[in-house]
Each structure stands twice: as structure tokens, then as C-alpha cells.
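Hello,

Here is the structure we talked about handing over. My notes follow below it.

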Amino acid sequence: MKVIVVGAGFCGSVLAYRLARVGLDVQVLEAGVPELDNVTAHSMGWINVFNANALDDVAGYRFRQDAVRDHARLAAELGAAWPIRKTGAVVWQDDPAQTQTFVEQHQAAGTRIERIAEADFTRLLPSVPAVPSEAAFLPDDMALEPGEAARLLCSRAEGLGAQITYGAGVQKLVVSGDRVSGVETANGHYSADAVVLACGTACGSLLRPLGLEDPVDGSPAALVRLRSNHPLNIGPIVCAPRVEVRQRPDGTLMSAASLKGRSDARIGRDTVRALEDLFPASGGLEVLETRIANRPVSRSGEPLKGPVASFRGLWLFAMHPGLILAPYARA
Ligand SMILES: Cc1cc2nc3c(=O)[nH]c(=O)nc-3n(C[C@H](O)[C@H](O)[C@H](O)COP(=O)(O)OP(=O)(O)OC[C@H]3O[C@@H](n4cnc5c(N)ncnc54)[C@H](O)[C@@H]3O)c2cc1C
């Protein structure tokens with residue numbers, strides 16, 4: 001069975017690897033070049049259940065817990081080259097009572113999270129001198145290097161026989177009757193038994209000509225990359241009241257932020273200020289890059305991971321947060 005996967009972001013790469021692994025004939029068509037400049041490449045890479053809603057969306061929360069656990073299986077399958085680290089995460093809010101409530105809610109929902117004493121906080125985050133009166137540690141949280149992860153998945157898929165073609169933007173889906181039988185690209189026509197749209201916020205542009213609604217909204221967020229003047233050693237991912245941050249293996253920092261109507265420059269400045277307050281030993285921080293990318297959030301609120309009802313041979317694979325959910329989200 002021949003399957004075309006449209007898009008080689010994290011979702012398309014995971015899917016291509018999974019499909020190739022079960023012996024399908026996979027063709028990935030990616031509009032960009034191998035060093036992709038997509039949402040995946042500008043993502044924080046925090047694998048967590050922490051910011052899922054344990055109270056209002058019980059099924060979604062459980063799915064997320066299972067998805068985080070499933071990362072261990074993927075890591076075991078892919079071996080030492082898989083760019084994931086179990087860092088844990090330290091979180092706190094301005095109001096200690098809110099931190100406590102937060103811990104209790106996640107504990108009640110079955111997530112490993114513990115309140116930490118001042119000495120443990122200092123052991124975990126020695127470079128944060130302003131110790132909050134209430135903080136929590138999530139030992140199972142992980143940091144994934146998203147761009148490297150997508151590339152590794154594509155190369156493993158290729159090793160299993162998949163074809164990955166870059167610079168092959170899909171211009172339209174080819175339809176005969178109620179069946180999608182292939183796609184058109186600038187390089188020509190590709191036929192397949194199934195076409196899976198794993199192109200994030202671009203799914204709508206291929207679905208609309210078929211009279212279908214766009215099922216994905218773009219939700220913008222910023223990723224700020226920074227370098228500190230003095231070396232910092234930040235083990236866990238940190239989610240403090242004004243900023244969230246993690247350190248990459250090369251020592252640079254990544255911080256994700258919502259836009260709140262701010263310019264890129266303003267987001268960069270605010271992030272620097274918040275991080276310099278948190279880590280005074282940094283000796284000052286320099287913004288290397290601020291990038292805004294549109295997270296593909298499904299309108300239904302559910303991961304899109306199945307056939308499109310009105311056209312045979314057409315599937316969707318798009319979701320947010322994709323790095324957490326995609327390895328587990330099988331159709
Ligand atoms: C600042 C920020 C922080 C984030 N932090 C996290 C996090 O900590 N944890 C987490 O799980 N998620 C996080 N996310 C979300 C996560 O990055 C996305 O959910 C995920 O990367 C989506 O992957 P994707 O493959 O669907 O989309 P993309 O990465 O956008 O990939 C889609 C691909 O499709 C290609 N494409 C588009 N149109 C076509 C076409 N017509 N033909 C062929 N190819 C096409 C594009 O070139 C692109 O490469 C974050 C996002 C942002 C912006």
C-alpha cells in the first residue's frame with residue numbers, strides 16, 4: 001500500500017517512521033528544505049503533562065499522560081541517537097497557595113509531582129538564589145530537541161524504505177469521485193492509495209478546494225533563544241511565574257512565550273529581564289533569535305488523526321502539542 005505523507009515536521013516524520021516500520025510504501029513530500037524552518041524547529045521541546053487541564057478535560061489529560069509515557073517506548077526503539085533527556089521540571093507560581101493547589105490537582109490525577117523543600121530547590125536549581133516558599137518538581141518531564149528529532153525520524157524512515165522528497169510542496173489533492181488518488185506538486189504528480197495531511201496549519205489550504213472546512217487554527221507563540229555571558233548549568237526545565245526556560249546541551253537557553261500583543265524585540269527584552277532576575281549569575285543575557293510560529297491547534301480540541309469522512313483515501317495527522325502527542329496518536 002502506497003501512502004503519501006504531506007509535511008516533514010515532527011508529526012509527518014513520526015508518522016512516516018511508524019508507517020515505514022509496519023511495511024507500508026511511504027512517500028513524504030515536504031515543501032521546505034532539509035534544515036526546516038517550520039513550527040517544529042521553533043518549539044520548546046518540553047514533554048510534559050504539566051500544562052494539561054486535569055480538572056476540566058479528564059479524557060484529554062489521560063491521553064496526555066499516556067502520550068508522555070509512550071515517549072519511553074519511542075526512545076527505546078530509536079536508541080542513543082534519539083535527542084531526548086529526562087531533565088525533570090521545577091515549577092512555581094507567585095502565590096504559594098496556587099502552587100499547592102496545582103500540585104494537589106495533578107497528584108489526584110495520577111501524575112508524579114512533589115512539593116519540594118528549600119534545600120531540594122537549591123540542589124535542583126543552584127543558580128536561582130530567590131527560593132520561592134512553595135515549588136514543585138515533576139521528575140518525569142523530558143526535553144526533546146525537536147528539529148534533530150524530526151530529522152532522525154525521517155532518516156530512520158528512509159532506512160526502512162521511505163522516500164523523503166524536499167522542495168516538493170503539494171499544490172493540490174487529486175480527486176476521482178469520492179476518492180483522493182494522489183497529489184500535484186511543482187515537480188509533478190504522485191499517486192497513492194492514501195494521502196495523509198501532516199502539514200500543520202497548511203492542511204486547510206489543501207482541504208478548502210475540496211469544499212472542506214479548515215480543521216486547524218494557527219495559535220502564535222514565540223521562541224526566544226539566548227546565550228548567557230557567564231556559563232549557567234540549569235538541569236531541569238524551569239517554569240517560573242514570569243518565564244519558562246530550558247537549557248540545551250550546547251549551553252544556550254530556550255524560552256517560550258505568549259505574544260500578548262508585543263513585538264519580537266519587546267518579547268526578547270522582557271525575556272532577558274525575567275531571566276536575568278531569575279539567574280543573576282548569568283552575567284547578562286544576549287538574545288540570539290526570537291521566532292514566532294503558529295502552533296497547529298485543531299478546532300475540535302482533539303488531535304486530528306484519522307480519515308476524512310467525505311473522501312476515501314484522505315487522512316489527517318495534525319495536533320498540538322505535537323511533540324508530546326504525535327508519537328502516541330495512532331489512528
Ligand atoms: C514557541 C513554541 C513552543 C512550543 N513548545 C512545545 C512544547 O514544549 N511541546 C510540544 O509538544 N509542542 C510545543 N510546541 C508545538 C509544536 O511545535 C507543534 O505542535 C508541532 O511542532 C507541530 O508539528 P507539525 O509537524 O504538525 O507542524 P510543522 O512543524 O509546521 O510541520 C509541517 C510541515 O509541513 C510542511 N508543509 C506545509 N504545507 C505543505 C505543502 N503544501 N506540501 C508539503 N509540505 C508542506 C511545512 O513546510 C512543515 O515542514 C511549541 C510551538 C511553539 C511555536
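Start with the helix pair. The axes of α1 and helix α5 (residues 146-159) come within 8 Å and cross at roughly 25 degrees. Axes are lines fitted to C-alpha atoms, for helices over the stretch in contact, with angles from 0 to 180 degrees between N-to-C directions. Helices here are DSSP runs (H or I, at least four residues), and strands are too (E, at least two), numbered from the N terminus. α1 and α5 are therefore roughly parallel (angles under 35 degrees).

Which residues of α1 meet α5? They are Phe10, Ser13, Val14, Ala16, Tyr17 and Ala20. On α5, the partners include Pro146, Leu153 and Arg156. Contact means C-beta atoms, placed from the backbone, within 7 Å. By class, this contact has eleven nonpolar, one polar and one charged residues. Ala, Val, Leu, Ile, Met, Phe, Trp, Tyr, Cys and Pro count as nonpolar, Asp, Glu, Lys and Arg as charged, and the others, Gly among them, as polar.

The model is predicted: local features need pLDDT of at least 70, side-chain atom pairs count only at pLDDT 80 or more, and totals for chains, interfaces and linings use all residues. Residues are numbered from 1 along each chain as its sequence is written.

Now the domains. An automatic or database assignment gives domain 1 (2-45 + 145-215 + 299-325) and domain 2 (88-140 + 218-294). Their C-alpha centres lie 33 Å apart. Five residues of domain 1 are in contact with eight of domain 2.

Last, the ligand. The shell around the ligand has 24 nonpolar, 13 polar and two charged residues.

Best wishes

Conventions. Angles under 35 degrees count as roughly parallel, over 145 as roughly antiparallel, 65 to 115 as roughly perpendicular and the rest as oblique. Two residues are in contact if their C-beta atoms, placed from the backbone, lie within 7 Å.
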